[in-house]
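Trainee: Could you take one part of this model and go through it slowly with me? I would like to follow how that part is arranged and what surrounds it.

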Amino acid sequence: MAKFMDRETLDRFRKRLKEETAPGKKRVVSLCSGTGCGAYGTSEVYNALSAELQQQGLADDVEIRLTGCHGFCEKGPIMVIHPEGVFYPQVKADTVPEIVGQTLKNNEVAEKLLYKDPSTKKRIIFEHDIPFYKRQKRLIFGNNGLIDPANIDHYIAVGGYQALEKALFEMKPGEIIDEVKTSGLRGRGGGGFPTGIKWATCAKHHGDRYIICNADEGDPGAYMDRSLLEGNPHCVVEGMIIAAVAIGSSEGYVYVRHEYPLAVSNLEIALEKAREYGLLGQNILGTDFDFDIHISRGGGAFVCGESTALMASLEGRPGRPRAKYVHTVEKGFRESPTNLNNVETYANVPLIIANGADWYSSIGTQYSKGTKIFSLVGKVVNTGLVEVPMGATLREIVFDIGGGIPKNKKFKAVQTGGPSGGCIPEQFMDLAVDFDELSKVGSIMGSGGMIVMDQDTCMVDVARYFVDFLKDESCGQCNPCREGLKQMLNILTRICNGEGREGDIELLEELGVMIQKFSLCGLGTSAPNPVLTTILYFRNEYEEHIREKKCGAGVCKPLFHYEIDQEQCNGCHVCFRKCPQDAVSGEKKEPHAIDQDKCIKCGICYEGCKFNAVVIR
Amino acid sequence: MIQTANIDWNKVSAIIDDYRENHEALLMIMQDISDMYNYVPPEVIPVLCERLGVKESLVYSVATFYKTISLEPRGKFIVSVCTGTACHVRGAEKLTDALEQQLDIEQGQTSADGLFTLEGVRCIGCCASGPVITVNKDTHGGLDRSKALNIVESYRQQASR
């Protein structure tokens with residue numbers, strides 16, 4: 001493939017691709033091969049599918065497209081047959097022949113393999129009719145299910161790199177920045193800083209300016225950046241090139257976690273292809289604009305998501321933050337003006353440039369524009385990645401899209417914003433989710449992790465969990481964070497072990513405020529949030545742990561035990577068979593009992609009992 | 001017994017060449033070396049210093065700061081239990097307990113036969129399939145206690161073949 005040396009050739013090429021891939025030309029089976037579906041066995045399905053297509057003589061008529069994450073990870077591996085959009089969840093190698101025979105050969109649906117709506121019990125044929133997808137607005141994430149990330153032509157065919165053409169040939173750098181400013185786009189990495197203002201400030205400072213993409217997705221429970229890089233790397237690359245045009249930069253970096261091998265390799269392929277097509281490198285599309293992007297792999301340090309720490313890491317040093325008397329837009333990477341945005345922020349840019357700021361700012365709330373991808377995980381029926389307009393309520397996200405809590409358990413809280421965020425209780429379920437509303441209730445948007453917690457989640461344990469995480473991840477430079485978090489963890493561990501004392505809650509609050517006020521970087525100043533919000537909304541659980549030495553959720557091992565309710569137990573024998581310690585005794589059809597001396601509180605009997613006879617005491 | 005590595009100096013040298021002796025790529029060079037041996041043999045450190053023109057103290061501070069680097073030999077299979085929030089609320093700790101018991105080691109240690117190192121890893125972004133473990137580069141999702149134990153056993157069998 002030769003380089004595109006002007007806009008017209010690329011336009012003609014895109015037009016040809018669009019015609020070639022127009023609906024009806026060829027059947028396309030898109031098979032999700034993201035890390036989530038991969039963990040459920042996409043590769044076996046792929047092998048079975050190619051073998052079956054050969055056998056049934058369809059190999060030339062059907063294209064198998066290995067795409068990135070479709071978002072509905074709970075139901076992986078996912079298969080969608082285009083152009084109709086027939087959706088098959090949880091595909092196994094042995095169900096492939098039926099799908100090929102029925103749908104691809106006879107144009108019928110394999111009824112039994114279709115998605116079954118858990119609330120109506122009805123089978124649903126098309127992807128767009130499934131409640132999980134129906135209520136979303138997938139502006140950024142929608143293309144993931146359509147394109148093979150390793151094939152740049154797929155991205156170009158859906159309109160890719162058109163925004164770059166517009167930015168290069170129709171707009172002045174200042175106009176691009178103004179467009180981004182007017183769109184109201186705010187940073188998706190967590191801070192919510194207006195992107196256009198950041199760009200404008202960076203462009204003002206002189207020197208070799210750098211464009212950096214923060215893909216050090218560290219918030220536990222959030223994986224939208226991984227899925228974007230894995231599934232549609234070109235939209236991020238295009239966003240970065242447009243930023244480079246606007247700010248005036250010739251070199252960019254993507255700082256991505258080493259733990260995301262698929263994202264790294266798909267991004268490497270994307271960069272290579274973009275260079276081949278003349279979209280990266282020297283004289284992009286025949287203009288005098290030069291820009292290239294390199295990959296830097298992070299080494300598993302949460303603090304490297306902080307801008308100054310990330311830049312230290314890029315320079316080959318330990319990722320320790322510095323005080324920001326001078327901002328990184330003035331002196332960042334290699335002491336030069338540096339513009340750092342998150343993956344999802346860059347992915348928004350081509351949309352804004354292609355469709356205009358007015359269109360973009362018509363979506364969302366007054367001060368938070370556009371859509372946001374959330375990773376909806378934890379104790380929720382439909383786990384996966386969900387893209388909704390800013391301002392959707394928590395209830396819509398957790399119950400309408402997420403399908404509520406599994407096993408008829410009771411909702412307790414939703415945790416947003418990762419370790420820097422907070423736990424939001426039921427009374428705020430009608431909160432319209434955007435940057436400002438979340439901070440009003442003590443949490444933050446963060447990068448978009450949304451972890452649903454039910455009655456079996458202990459809020460003191462959750463607080464302990466986050467502080468334990470942050471204590472490990474603290475870089476150790478400043479006292480409040482290093483020592484303060486350690487002390488908080490000591491207190492929380494004591495409470496979880498049943499050694500809590502009166503005054504512990506107040507001490508935690510005092511320590512929390514101290515750490516917030518005096519820490520050096522964002523990690524420290526936000527670290528006490530999970531503790532403070534759980535105390536604010538779930539103080540009763542702390543008091544129960546301290547005063548009654550009880551953990552009602554059955555998580556803190558020294559504070560509860562399992563018992564079998566003699567009234568409820570019908571002697572089905574399931575717990576008897578499943579117990580790894582032989583701690584359960586009882587004859588069939590007679591109520592059973594647990595020997596507390598043998599029990600290790602692994603919870604297998606509790607999870608396995610269909611009659612709610614195993615209870616937490 | 002855990003074997004210390006027999007270092008292939010040509011390969012180490014080729015890795016450094018790949019990054020054009022760029023000192024900013026120190027961490028990535030160590031990651032690539034680690035991919036070969038599952039740890040960074042301390043013998044390579046003087047070579048890194050010389051080729052990249054950096055001080056030994058910097059190499060050690062980078063190696064000890066980042067979790068993906070170990071200067072101690074590790075097992076043939078690195079079993080990492082994801083400890084992200086989603087996996088945590090779905091019972092990741094129970095997997096760790098079960099694996100510790102099965103392998104007779106604690107988190108961070110290597111089994112006596114040198115096959116398995118058990119580690120905790122912060123979120124690997126597979127949250128919808130939690131709880132999740134990775135064994136070297138393979139991801140296994142939707143686990144419970146017994147499934148996790150079976151997976152580890154399958155790697156043990158793979159090694160004995």
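Mentor: α18(A) and α22(A) are oblique to each other, a word kept for angles that are not under 35 degrees (roughly parallel), not over 145 (roughly antiparallel) and not 65 to 115 (roughly perpendicular). The axes of α18(A) and of α22(A), the helix of residues 529-548, cross at roughly 135° and come within 8 Å; such axes are lines fitted to C-alpha atoms, for helices over the stretch in contact, and the angles run from 0 to 180 degrees between N-to-C directions. Helices here are DSSP runs of H or I with at least four residues, strands are runs of E with at least two, and both are numbered from the N terminus.

Before going further, please keep in mind that this is a predicted model, in which local features need pLDDT of at least 70 and side-chain atom pairs count only at pLDDT 80 or more, while totals for chains, interfaces and linings use all residues. Residues are numbered from 1 along each chain as its sequence is written, and chains are lettered from A and ligands numbered from 1 in the order in which they are written.

Where the two helices meet, α18(A) brings residues including A:M459, A:A463 and A:F466, and α22(A) brings, among them, A:P530, A:F538 and A:Y542; two residues are in contact if their C-beta atoms, placed from the backbone, lie within 7 Å. The residues of this contact divide into 10 nonpolar, two polar and one charged, where Ala, Val, Leu, Ile, Met, Phe, Trp, Tyr, Cys and Pro count as nonpolar, Asp, Glu, Lys and Arg as charged, and the others, Gly among them, as polar.

The domain assignment of chain A, which comes from an automatic or database source, gives domain 4 as 459-548 and domain 2 as 152-361. The C-alpha centres of domain 2 and domain 4 of chain A lie 35 Å apart, and their contact takes eight residues from each of these two domains. On the side of domain 2 of chain A that touches domain 4 of chain A, there are six nonpolar residues, two charged and no polar ones.
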